[in-house]
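Keep the sequence and the 3D view open while you read.

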Amino acid sequence: MIFLDNASTTKLNKMAISEIEKSHDLFYNPSAVYGKSLEVKKLLDEAKNKICNFIGTKFNSNLIITASATEADNLAIFGSVKKTDEQIVFSMGEHPAVFNCANELKARGYNVVFVPLNSSGEVDLNILAEILKKPTAFVSIMHVNNETGAINDIAKISKMIKSAWPNAIFHSDGVQAFGKIPVNVVNLGVDLYSISGHKIGAPKGIGCLYVKNISKLKPIIFGGGQEFGIRSGTENTQFILALAKVVENLDVVKNYDYVSNLNNYVREFFSDKQGVVINSSVNSSPYVLSISFDGVRGETLVHLVEQFDVIIGTGSACSSKKTANNRILQAMGISKKLNEGSVRISFSVENSLDEIKTACDIIYSQYLNLKERLK
Amino acid sequence: MEKVVLLRYGEIHLKGKNRGLFDNQLIKNIEQAIKKVDENCSIKKVGGRYLVYNFNQFNIDSIVESCKKVFGLVSLSIAFEVNSTIEEIISSLNQLLEDEQFFLNNAKSFKVEVKRADKNFPIKSTDFERELGGVVLEKFPNLKVNLTKPEKTIFVDIRENGKTYIFSEKIECFGGMPVGTSGKGLVMLSGGIDSPVAAFMMAKRGMKLNAVHFHSFPYTSQQAKEKVVDLAKLLSPYLGKFNLYVVSFTKIQEEIHKKCKPAYMITIMRRIMMRICENLSNKYGFQAIITGENLAQVASQTVESMTSTESVLKNIPVYRPLIAFDKIEIISLSKKIGTFDTSILPYEDCCTVFLPKNPLIKPKIELVEKEESYLDLESLISEAIKNIEIIEI
């Protein structure tokens, strides 16, 4: 099985598994008063500290553990946005975890504004500058796009926002950046940054929100007051330790180079193939590659290659009566036909170059086969 | 005092000499439904009703839900069975008023209705009604008696078997005829809103159904098939156990796409589906094909289209129970049955890849036959039938 849908989730890392197994005895509630609980609490603090260091911050109070990145995004947005007439700005490229928060705010009567994407899939900075001329309370722009790998210049965007509106809060969804490209939240200049465990080999069910200034964030769920009162609920000790273990052993730069090599192979393989178009710009994250196959449905191709044990992601999924176009590719200005034929290949360091070579052969031959069947 | 479920049936009491047949089938169907919930429970006939008893009290809601879906039953009640003595009935009523919140359910007015099938019972119905009414009023002095329009009626049913059943609620069931008493049919399940409703309607008239689904992997997803399996499972409390025949339609669609004019795609597809259904019916003894078709809903559901698809059948009728329904009526039924939320999941119809821009609305049979003549129908159909997957629901 060649798994090339790593942007959706990844296989559990062996170190994460052994960390979970090792920590079976650490079932004590870290909030309790007995000695064993205190031990667990110390381990938790150490683990959080490792994650903090990994993203370039020092204090545990800057990191709120959640049960998913979706929860972290919701906490960032609904925990920050106060009643206001000022603009709440989102990019058109956001993942549904943010995009649907934006839609919810809009439905609640907020002044929600979307920044369009350029043809590379990045936020259009000229239009953003125009938008930022009006009073702005909150901005959420993702770091790396999950469909195309397009990287937004978060440091630059942060400066644009802060110089125009120093009190505006800036959130970035960093799910596809965390553990894949170098991330330093201080240098990025963000107020809030969401990350996820299961995209980098840690278990599902763990996300984090980096919070620069905790006093500006209100909880969205209430209870026992864990995580500095921001996110109540008994800590998921085992998974937090597993995530810490994974990041502790990650070599982001080395992995980046390795995956770039895989990505380049696919780009080169398809460069001279008729009917195949690479949608991701060359400046994108090497971990995600959007490709369109002219004249076929992306989803059909996904099903076909699965029969040969190659798993890739759909760019746009079919739904009742009509094909639902991929919103991100549409925002990039990609034609309806190529949008329908899009698939997403996403890599991990677990993939070998041989696997990639095999996968390319299978994907292309199945594309030709499908075109023939549809003639 | 034992909590039991009283089941009332409808139409089958009209069935003169054949009544035994209907009765037996209904009991069998009820048993099948309730044993799934609580294998220890039993069923018996008391007067003109059935009684479910001897179950774990925690299962009562599930038993009620299962029985509501058995066709042939018109209503049911959660009742309390006591010995038919004046003292025991009065003391039990007192206890019920104390213990069972639902019994009066905050009603402001009430009446007591006594039925005395056991004519040896020492008090006349109307006298006993008055006496029991007094018992209620003693406990709840603010309640008003209202004999014409009470908010709640307490029923006291004194049967010939020495037992009395006390209840205050009648829950409506779907009525209809027991499944298995009106022949065997094959319903075409697409995964949309209409076909599960069509299946429900025919089963309600007592037809024993099996189902067929056509899928087009890789043009449709695995999830699309799973969705139909889910719908079939949602239907099984109404239909009983049945088989879902899953036919791969990919090759046939590709052949039509290659050899016939695009506008004929849907007409020819549906004609071939019908032929496969007839073939299955001959093999398994189905007597009718059931579809969720509905006049004028889409291009394939015009009079001409339906005539054209049906004309390929030799010895089997097509029943279309939804033919004259409005979509909104179908949706409302689908919600009542419980299939709506699954039907609208977005997995169906990926095979729109083969859909023509302008499908024929009024296909002419001669022209359709001419287009079809470019296909090797016999081998396509026999290959499809050979590769059928049978899923037991």
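The points below cover domains, overall layout, helices and one serine.

This is a predicted model. Chain A is split into domain 1 (14-248) and domain 2 (251-373). Chain B also has a domain 1 (2-172) and a domain 2 (184-392).

**Domains of chain A**

- The C-alpha centres of domain 1 and domain 2 of chain A are 28 Å apart.
- The contact involves 20 residues of domain 1 of chain A and 20 residues of domain 2 of chain A.
- On the side of domain 1 of chain A that touches domain 2 of chain A, eight residues are nonpolar, 10 are polar and two are charged.

**Domains of chain B**

- In chain B, the C-alpha centres of domain 1 and domain 2 lie 43 Å from each other.
- Six residues from domain 1 of chain B and six residues from domain 2 of chain B make the contact.
- Helix 1 (residues 19-37) of chain B gives the largest share of the domain 1 side, with three residues.
- By class, that side of domain 1 of chain B holds two nonpolar, three polar and one charged residues.

**Overall layout of chain B**

- Chain B contains 14 helices and 15 strands.
- Its C-alpha trace spans about 85 × 40 × 35 Å along the principal axes.
- Of the 393 residues in chain B, 42% are buried.
- Take the contacts in chain B between residues at least 6 apart in sequence: 79% of them join residues at least 24 apart.

**Two helices that meet in chain B**

- Two packed helices are described by the angle between their axes and the distance between the axes.
- How do helix 6 (residues 194-204) and helix 11 (residues 327-337) of chain B cross? Their axes come within 9 Å and cross at roughly 70 degrees.
- The angle falls in the range 65 to 115 degrees, so helix 6 of chain B is roughly perpendicular to helix 11 of chain B.
- Helix 6 of chain B brings B:Asp194, B:Pro196, B:Val197 and B:Phe200 to the contact.
- Helix 11 of chain B brings B:Ile330, B:Leu333, B:Ser334 and B:Ile337.
- Together, the contact of these two helices has six nonpolar, one polar and one charged residues.

**Helix 4 of chain A**

- Helix 4 (residues 96-107) of chain A has 12 residues.
- From first C-alpha to last, helix 4 of chain A reaches 16 Å, close to the 16 Å expected at 1.5 Å a residue.
- Which residues of helix 4 of chain A are buried? They are A:Ala97, A:Val98, A:Phe99, A:Cys101 and A:Ala102.
- These buried residues pack against helix 3 (69-78) of chain A. They also pack against strand 3 (87-91), strand 4 (112-115), strand 5 (136-140) and strand 6 (169-173) of chain A.
- Just after helix 4 of chain A comes A:Gly109, with a positive phi of about 100 degrees.

**A:Ser292 in chain A**

- A:Ser292 sits in strand 10 (residues 288-293) of chain A.
- Is A:Ser292 buried or exposed? A:Ser292 has 24 C-beta neighbours inside 10 Å, and the cut-off for buried is 20 or more, so A:Ser292 counts as buried.
- Leaving out residues up to four places away in sequence, A:Ser292 touches A:Val277, A:Asn279, A:Leu338, A:Gly341 and A:Ser342.
- A:Ser8 is 284 residues from A:Ser292 in sequence and 18 Å from A:Ser292 in space, C-alpha to C-alpha.

Technical notes: Residues numbered from 1 in each chain as written. Chains lettered and ligands numbered in written order. Predicted model: local features only at pLDDT ≥ 70, side-chain atom pairs only at ≥ 80, totals over all residues. Axes fitted to C-alpha atoms, helices over the stretch in contact; angles between N-to-C directions. Helix = DSSP H or I, 4+ residues; strand = E, 2+ residues; numbered from the N terminus. Parallel < 35°, antiparallel > 145°, perpendicular 65-115°, else oblique. Contact = placed C-beta atoms within 7 Å. Nonpolar A, V, L, I, M, F, W, Y, C, P; charged D, E, K, R; others polar. Domains from an automatic or database assignment. Expected span 1.5 Å × (residues − 1). Buried ≥ 20, exposed ≤ 12 C-beta atoms within 10 Å, placed from the backbone.
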